[in-house]
Amino acid sequence: MEKWDLYNKHRYKIKKQITRGDEMAPDEFHLVVHVCIFNSKGEMLIQQRQPFKQGWSNLWDITCGGSAVAGDTSQQAASRELFEELGIHYNFEKLRPQFTINFERGFDDYYLIEGDFDLNELTLQTEEVQAVKWASKEEILELIELKKFIPYYESIIAFLFEGRHHYGSIRL
């Protein structure tokens, strides 16, 4: 049973936790992290969710992400998700997220990494990830249009590709 710390609208942790799936009060929020890896060709590493994964089954998604569990900082959650889903070790402790998007029930922290990884050397989490591949911005937007990718706003995908070269992005 995954436990989440809850936050108020100002992102201050309140002294309350819930179990994933439990209802939150209207003034309670949770933290989600996303890591986007780009290669030297300017492509993003994307993953395809398992068919049995609840929510967005079989759809492609950005590199990795998930909810922070109770006790996790954003940085710890990013490190954990990247390792769990793809087998990549990276310590985010000295970094802030590149940016945060507020959504209805929480905060989405985004970390952008530039580095070349051999897809054959990744260890995919069988409970969540069925496949990975490199994709251009245009390929991702086409997958979204075909309803084969989680329906992110086109502007967010463009912003991720644009942001990979700016302050705060990580170069390996």
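Reader: What should I know about the model and its numbering before we start?

Author: This is a predicted model, in which local features need pLDDT of at least 70 and side-chain atom pairs count only at pLDDT 80 or more, while totals for chains, interfaces and linings use all residues. Residues are numbered from 1 along each chain as its sequence is written, and side-chain values use heavy atoms, with hydrogens and water left out.

Reader: Why is α2 called roughly antiparallel to α3?

Author: The axes of helix α2 (residues 137-145) and helix α3 (residues 154-163) come within 10 Å and cross at roughly 160°. Axes here are lines fitted to C-alpha atoms, for helices over the stretch in contact, and angles run from 0 to 180 degrees between N-to-C directions. Angles under 35 degrees count as roughly parallel, over 145 as roughly antiparallel, 65 to 115 as roughly perpendicular and the rest as oblique, and therefore α2 is roughly antiparallel to α3. The helix labels come from DSSP runs, numbered from the N terminus, with H or I of at least four residues for helices and E of at least two for strands.

Reader: Which hand does the crossing of α2 and α3 have, and which residues make the contact?

Author: The crossing of α2 and α3 is right-handed; a crossing has that name if the near helix is turned clockwise from the far one by less than a right angle, and is left-handed if anticlockwise. Lys-137, Ile-140, Leu-141 and Ile-144 of α2 meet Glu-154, Ile-157, Ala-158 and Phe-161 of α3, where contact means heavy atoms within 4.5 Å. These residues divide into six nonpolar, no polar and two charged, given that Ala, Val, Leu, Ile, Met, Phe, Trp, Tyr, Cys and Pro count as nonpolar, Asp, Glu, Lys and Arg as charged, and the others, Gly among them, as polar.

Reader: What makes Ser-74 buried?

Author: Buried means under 20% relative accessible area, exposed over 50%, and partly exposed in between, with a 1.4 Å probe and protein chains only. Ser-74 has a relative accessible area of 6%, and so Ser-74 is buried. Ser-74 belongs to helix α1 (residues 74-86), and, leaving aside its neighbours within four places in sequence, is in contact with Arg-11, Leu-31, Val-33, Pro-97, Asp-109 and Tyr-111.

Reader: Which residues of α3 are buried, and how is Glu-162 classed?

Author: The buried residues of α3 are Ile-156, Ile-157, Leu-160, Phe-161 and Gly-163, and the elements they pack against include β3 (30-38), β4 (44-49), β9 (129-135) and α2. Glu-162 also lies in helix α3, but its relative accessible area is 49%, so Glu-162 is partly exposed. The C-alpha atoms of Glu-162 and Gly-42, 120 residues apart along the chain, are separated by 9.9 Å.

Reader: What makes a group of residues a nonpolar core?

Author: A nonpolar core is a set of buried Ala, Val, Leu, Ile, Met, Phe, Trp, Tyr and Cys residues joined through side-chain atoms within 4.5 Å. The largest one has 22 residues, and those with the most contacts inside it are Val-35, Ile-37, Leu-45, Leu-82, Leu-86 and Phe-92. Two or more residues of this core come from each of β3, α1, β8 and β9. Leaving aside neighbours within four places in sequence, Leu-82 has contacts that include Val-35, Ile-37, Phe-92 and Ile-113. A second, separate core of 21 residues includes Trp-60, Leu-112, Ile-144 and Ile-156.

Reader: Why is Lys-147 called exposed, and how is Trp-56 classed?

Author: Lys-147 is called exposed because its relative accessible area is 68%, whereas Trp-56, at 46% relative accessibility, counts as partly exposed. Lys-147 is found in the loop between α2 and α3, and Trp-56 in the loop between β4 and β5 (60-61). Lys-147 has a positive phi of about 65° although it is not a glycine, and phi of Trp-56 is near 65°. Most residues other than glycine have a negative phi.

Reader: How is Lys-133 classed by its accessibility?

Author: Lys-133, in strand β9, has 32% relative accessibility and therefore counts as partly exposed. The C-alpha atoms of Lys-133 and Ile-46 are separated by 5.6 Å, although these residues are 87 residues apart along the chain.
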